[in-house]
Amino acid sequence: MNSQIQLTEAQQLRKSYIIKCIGKEMSALEAGLRLCLTERTIYKNMADYRKKGDMSFIHGNTGKRHVRPEIEERRQKVLDIFQNTRVAGENPFPGVTYTYFTQILEEDYGMKCSVSWTKKTLNSVGYRTPVRYRMKRHREAHLFRERKEHAGELVQADGTPFDWFGDGRKYCIQGFIDDATGIPVGLHMTKNECLLGYMEALRKMLTGYGIPMQLYPDKAGVFFVNGGRKDGCEKPLTQFGRMMERLGVDMFPAHSPQAKGRIERFWQPLQQQLPVQLRLHGIKTVDAANEFIEKTYLPKFIRRHAVRPKDAQSLWVSADTGEINGILRASYTARTDKGGVFSFKGYRFFCPTLPNTKISVFLNERDGIWAAPHGTDVRHEIILVETDTTGPMPDVLKLLIEKVFLRNAKPRYREVYIDDEKLEEFIRKKQTA
């Protein structure tokens, strides 16, 4: 008998019962009932133990290497990819799930593996997925709602803040998903969930797919005015609501997250997959992330996860680009003084062509910030005169102002006072234009 053999706890238990059976201390039937084995198996174990000792409890393949060298070669290659891939000196795979790493192996490295084999390979070096799935019996039951039959019949809207870059800072992705196909028809990342983010996600949907029949968001203030309405008065619309009205889209609210479960469930794979892809491609900024999501990530996601609608007839309505650009802009009213200066949420701007005038201030991420005489669409360029970082300006608007006006400024949101030479040059260009 080999004294170096190490038996597991289960094997030690079986050995103790077999010894008792050999010593006539216990019947084979009783041992079989306790070990959940047949009486015949117990007799076989007794015979094997008399011949081989402890080795009779150890499977013959234990400790053996796989006989096919190509399998071992593939295993080593997968481990090398998982452990030694570096992008900007960092491994992009911490926190990756077994399923998504299997997809990466197939899409990026041409290695088709099963999820169970990938899991076993990663487990062999001590890796465990961070995702923990609850048993279904513990989940709250919700009524199943069938998908709409036509693409473009219903679009769900929502936003999710998350640490996409793995630097401890959360950014929000605002998005729209077609209910019939499950396709993300528009996604846009901003610092916070806001009107500007939904406008750019909406722009991507309108230019890429068209105008849907219905939009199904939650009750957030971006979509609906949640205050009570006065008797005899129609409920006022938010700016986003007015955009939907001009586009002819019927917008109604979901009363719970479960009601728009299609898009709520979409965020889970996005939060598991997108951070890995951003690390793989060395992406660290919001602008680069938005470009990557639109051009690279979404086409792959759609090819793998899109569902064929029940009815092939599409209900998307094509939209005119010029009309879209005229609708998708946030607007605020202001008034310039005699010198053409006006205040906007604690910031001061200069519009030399519109002195002492009531104006509309328009802004979006695509076209920046500009002014027009109130009630018109005639664009007038403006320049930033002074910033006030303690004012009520939301962070998203601060970042937009920084991108448009302070691109070359080193300190973020620094105080800006325009000099006379720059002012004269600006006026001269406008007069000769």
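1. Setting aside neighbours within four places in sequence, Phe240 touches Phe176, Leu195, Tyr198, Leu202, Leu215, Val222, Phe223 and Met251, where contact is taken as heavy atoms within 4.5 Å. The coordinates are those of a predicted model, in which local features need pLDDT of at least 70 and side-chain atom pairs count only at pLDDT 80 or more, while totals for chains, interfaces and linings use all residues. Residues are numbered from 1 along each chain as its sequence is written, and side-chain values use heavy atoms, with hydrogens and water left out.

2. Phe240 belongs to the largest nonpolar core, which has 50 residues and in which Phe176, Leu196, Leu202, Leu215, Phe240 and Phe342 touch the most other members. A nonpolar core here is a set of buried Ala, Val, Leu, Ile, Met, Phe, Trp, Tyr and Cys residues joined through side-chain atoms within 4.5 Å. Helix α7 (residues 195–208) supplies the largest share of this core, 8 residues. A second, separate core of 37 residues includes Phe93, Leu270, Ile283 and Leu298. In soluble globular proteins, nonpolar side chains tend to be buried together.

3. Met243 sits in helix α8 (residues 239–247) and is buried, with a relative accessible area of 4%; buried means under 20% relative accessible area, exposed over 50%, and partly exposed in between (1.4 Å probe, protein chains only). Once its neighbours within four places in sequence are left aside, the residues in contact with Met243 are Leu195, Met199, Ile327, Leu328 and Arg329.

4. For the chain as a whole, the model shows 13 helices and 11 strands, which are DSSP runs (helices H or I, at least four residues; strands E, at least two) numbered from the N terminus. Of its 433 residues, 42% count as buried, and among contacts between residues at least 6 apart in sequence, 63% join residues at least 24 apart.

5. Helix α1 (residues 9–22) and helix α2 (residues 28–35) have axes that come within 9 Å and cross at roughly 170 degrees, which makes α1 roughly antiparallel to α2. Axes are lines fitted to C-alpha atoms, for helices over the stretch in contact, and angles run from 0 to 180 degrees between N-to-C directions; those under 35 degrees count as roughly parallel, over 145 as roughly antiparallel, 65 to 115 as roughly perpendicular and the rest as oblique. Leu13, Arg14, Tyr17 and Cys21 of α1 meet Ala28, Ala31, Arg34 and Leu35 of α2.

6. Helix α5 (residues 98–109) packs against helix α10 (residues 286–305) at an angle of about 105 degrees, with the axes 13 Å apart, so α5 is roughly perpendicular to α10. On the α5 side the contact involves Tyr100, Gln103, Glu106, Glu107 and Asp108, and on the α10 side Tyr297, Lys300 and Arg304.

7. Cys36, in the loop between α2 and α3 (39–52), has a positive phi near 60 degrees and counts as exposed at 70% relative accessibility. Asn356, in the loop between β8 (347–350) and β9 (358–364), has a positive phi of about 50 degrees and is partly exposed at 44%.

8. On confidence, the mean pLDDT (the predictor's confidence in each residue, from 0 to 100) is 86 for the protein chain, and 86% of its residues reach 70 or more. Over residues 408–414, however, the pLDDT is below 50, although this stretch has 13 contacts in the model beyond near neighbours in sequence.
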